[in-house]
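User: I'd like to learn how to read a model like this one, feature by feature. Can you walk me through it?

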Amino acid sequence: MSRYLCLDDFEAAAKSRLPHPLFTYISSAAETSSSLRDNRDVFGKWGFVPRVLRGVSGRSISCDLLGKTYDAPFGIAPMGISALMAYDGDHALTRAAASHNIPMVLSGSSLTPMEAVHEANPDSWFQAYLPGEDDKILALVDRVKRTGFKTLVLTVDTAVLANRENNLRAGFSTPLRLTPKTLWQFATHPRWVLGTFARTLMTKGMPHFENSYATRGAPIMARNVMRDFGRKDHLNWDHLRLIRDHWQGKLIVKGVLAAADVREVAKVGCDAVVLSNHGGRQLDGAVSPMRVLPNAVSVAGNMPVMVDGGFRRGTDILKALALGAAFVFVGRPFLYAAVVDGERGVSQAVEILKSELHRDLGLLGKTTLSEIEADILMTH
Ligand code: FNR
């Protein structure tokens, strides 16, 4: 029997493998972590009212989204610096996604060049953090286009850097600082030091932020790494319109919560929106996207509304679909799975979530996801 029976099992295993500052970088959130908690607690708001004796053989969890059919209604959310956590982490994530026919979103603050990830999985999506200046924005969009990506996700909930005091307390920062505390953590986690860090240095060299601009960014240990990300607190809807004019592929805006903003995203002509509080990592106290989902769906018109934050079970995903979500993204558990067993670990995690969905669909008395509607839920 596998040690991993549900997504949370990967977290405990990753915790023992990673030096504490790195585990904290993945697991933690901004300030008091209240959004992080709300992302999990919110699912308790609804219970299911299943139907019985409906003949549920031949069930399918496949899902149509933006002109494509995926094998499941969930994908892998963008996560920065994954290749520092797991050896070749972005490739592990994207290859597992390709083998399961689900989308993987490569982070704009990843350490693997977008060209290499696109080559490994041409169906992967690219997530951009917008540089501050128009010419840099357009150069980045051109690079994404040249590489061959068809779907661009713009993350817009990072106008200013969040207060990640929990990271600092744990000894994690960018640039990475080597202090006696972090060195001790590295010394006591040889599996990460040898299996991930040393192996990365030997096979790929010092990790760089590869995808922030048209060219390579700063190495993760460099002093100027934050300066390199530039000032972006002036970004506004005109920048989104600029990108819409220059990007003919699918354009998705991630990090929206207010219904008024969902309406605006639709007005600009974007193809979809991802409701998200960034996994609780930006504005502490921002509500769980599940709380605003019904309102967002009601103003979005034909634009698909996707959602992320705290999804760990098939039942969580079914609740979102019942409230009108078109698709769900999952972050941390897949990165933990990459930490513990690379592509094989991620594949196993995807398989677990798929089989939960398959089972839960039957238990609800349904055979396809299109039958999932609000009447399966009751508010507690
Ligand atoms: C993130 N997230 C994120 N989002 C984004 O748009 N670009 C990024 O580079 C990152 N980086 C990142 C790193 C790590 C370690 C985590 C955990 C998260 C946010 C991510 O895409 C997603 O919104 C949340 O992680 C979803 O919540 P769960 O599933 O992790 O609870």
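User: Let's start with Tyr4: is Tyr4 buried or exposed?

Analyst: Keep in mind that this is a predicted model. For burial you count C-beta neighbours, and 20 or more within 10 Å makes a residue buried. Tyr4 has 20 other C-beta atoms within 10 Å, so Tyr4 is buried. You'll find Tyr4 in the segment before helix H1 (8-17).

User: Which residues is Tyr4 in contact with, leaving aside its neighbours within four places in sequence?

Analyst: Those are Asp9, Phe10, Gln348 and Ile352. As for distance in sequence versus space, take Tyr4 and Ile61: they sit 57 residues apart in sequence, and their C-alpha atoms are 22 Å apart in space.

User: Where are Ser33 and Leu53 placed?

Analyst: Both are in loops. Ser33 is in the loop between helix H2 (20-27) and helix H3 (34-41), while Leu53 is in the loop between strand S1 (46-48) and strand S2 (63-65).

User: What about peptide bonds: which residues does a cis bond join?

Analyst: Look for omega of about 0°, which is what you get at the cis bond joining Thr174 and Pro175. Pro175 lies in the loop between helix H8 (165-170) and helix H9 (180-187).

User: On to helix packing. How do the axes of H5 and H16 cross?

Analyst: You want both a distance and an angle. The axes of H5 (residues 89-100) and H16 come within 8 Å and cross at roughly 10°. Angles under 35 degrees count as roughly parallel, so H5 is roughly parallel to H16.

User: Which residues make up the contact between H5 and H16?

Analyst: From H5 they include Leu93, Arg95 and His100, and from H16 they include Phe334, Glu343 and Val350. By class, the contact of H5 with H16 has 7 nonpolar, 5 polar and 2 charged residues.

User: How many residues surround the ligand, and which are the closest?

Analyst: There are 25 of them, with Gly80, Ser107, Thr155, Gly279 and Gly331 the closest. H2 and helix H16 (332-363) are the elements that give two or more residues to that shell. The shell divides into 8 nonpolar, 13 polar and 4 charged residues.

User: Zooming out, how many helices and strands are there in the protein?

Analyst: The protein has 16 helices and 12 strands. Of its 380 residues, 47% count as buried. For contacts, take pairs at least 6 apart in sequence: 71% of those join residues at least 24 apart.

User: Why does the radius of gyration agree with a compact globule?

Analyst: You compare it with what the chain length would give. A compact globule with 380 residues would have a radius of gyration near 21 Å, and the protein has 20 Å, so the two agree. Along the principal axes, the C-alpha atoms fill a box of roughly 60 × 50 × 40 Å.

How values were computed:
Residues numbered from 1 in each chain as written. Predicted model: local features only at pLDDT ≥ 70, side-chain atom pairs only at ≥ 80, totals over all residues. Helix = DSSP H or I, 4+ residues; strand = E, 2+ residues; numbered from the N terminus. Near = placed C-beta within 6 Å. Nonpolar A, V, L, I, M, F, W, Y, C, P; charged D, E, K, R; others polar. Axes fitted to C-alpha atoms, helices over the stretch in contact; angles between N-to-C directions. Parallel < 35°, antiparallel > 145°, perpendicular 65-115°, else oblique. Contact = placed C-beta atoms within 7 Å. Rg over C-alpha atoms; globule rule 2.2 N^0.38 Å. Buried ≥ 20, exposed ≤ 12 C-beta atoms within 10 Å, placed from the backbone.
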